[in-house]
Amino acid sequence: MKDKINIFFKKTFHWCGNYNGKSTWCGTFEMNAIWAMLGLFVGGAAAVVMMGLTEMSINILKVITGGILAVSAGVAAQQFSFNRKQAEYANNWNKKQLAISRLHDSRHILKELQNKLHGHLEILERNKDQPFGLNNIHDSLGVRLNDGTFVFHGEHTPEDIKKIPKTQPDELLFSALNFCEDTQGREIKDNILDFLGEYEFICSAVNNDVFDDEIVKKLFQSNIVRIYNIFQPYIEHLQITHEYGKVVFCELEEVARKYSDNEVED
């Protein structure tokens, strides 16, 4: 049967060169024109047939046509609902996959930054109820001099050493009374900001529905809550003193508070 159909098309379109898409004469325009003429022929034939029908037959056809349209509309609605569910499923799967992949990379980044801070700020040894004091962080970065200026470790001069006070007026903010010769305070500050910035990135992706919230919660909930809590005094200090105010690490703050409330509920 297949061979007979092929022979029919070959005979019908032999003047067209080759009907299988490799025609040397028939292009898109010609083939469209053939289908248009075929449509006009079928439509004309249907019109001729309809002219010979009785009124009752026409009414019956109207009912049948209405039923077909109703069924078609129902099928279309079901297909639309199915397509929407498929799209939602694919979107949720993509968010889960992206979260798992990116969090895996974040673990390596955070571990590397923690190692760089080792000896200056021991992050792993702190639980969420043991926040770093502002003096802990500031003293790891440098020394406040008696004229009120702050100088990073590794950037001090002999003149700066002469300006070190015998006691710091506010030991809750600054308590260091000497410079560390083998420390680069500015580097430490950059590592702290990068460390918190990685958590800020993760939390921003959660808040903007880029990462699946449940995946992040399962893998990073305790870490996010703990890191925010131990750095909370420093984050609030940055929010007060930084020119951008409350936007500093605000994504981390929002997610940490939400996950902390969930911990209580659980």
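Residues are classed as buried under 20% relative accessible area, as exposed over 50%, and as partly exposed in between, with a 1.4 Å probe and protein chains only. By this criterion, 29% of the 266 residues in the protein chain are buried. The model is predicted, and local features need pLDDT of at least 70, side-chain atom pairs count only at pLDDT 80 or more, and totals for chains, interfaces and linings use all residues. Residues are numbered from 1 along each chain as its sequence is written, and side-chain values use heavy atoms, with hydrogens and water left out.

The protein chain contains 8 helices and 2 strands, taken as DSSP runs (helices H or I, at least four residues; strands E, at least two) numbered from the N terminus. Their order along the sequence is α-α-α-α-β-β-α-α-α-α. Of the contacts (heavy atoms within 4.5 Å) between residues at least 6 apart in sequence, 65% join residues at least 24 apart.

A nonpolar core is defined as a set of buried Ala, Val, Leu, Ile, Met, Phe, Trp, Tyr and Cys residues joined through side-chain atoms within 4.5 Å. The largest such core has 40 residues, and Ile192, Phe195, Leu196, Val216, Ile224 and Phe231 have the most contacts inside it. Two or more residues each are supplied by α3 (55–117), α4 (134–141), α6 (185–207), α7 (213–241) and α8 (250–265). Helix α7 gives the largest share, 12 residues. A second, separate core has 6 residues, including Val143, Leu145, Ile164 and Phe179. Leaving aside residues up to four places away in sequence, Ile224 touches Tyr199, Cys203, Val216, Leu252, Val255, Ala256 and Tyr259.

The whole structure holds 7 aromatic pairs. Rings of Phe, Tyr and Trp (its six-membered ring) pair if their centres lie within 6.5 Å; planes under 30 degrees apart count as stacked, over 60 as edge-to-face and the rest as tilted. The rings of Phe132 and Phe231 have centres 5.4 Å apart and planes at 50°, so this pair is tilted. Phe132 lies in the loop between α3 and α4 and Phe231 in helix α7, so the pair ties together parts 99 residues apart in sequence. Both residues, Phe132 and Phe231, are buried. The pair of Phe150 and Phe174 is also tilted, at 5.7 Å centre to centre and 45° between the planes. Phe150 is in strand β2 (residues 150–152), and Phe174 is in the loop between α5 (158–162) and α6. Phe150 is partly exposed at 30% relative accessible area, whereas Phe174 is buried at 12% relative accessibility. Ring pairs join Phe132, Phe195, Tyr199, Phe220 and Phe231 into a cluster.
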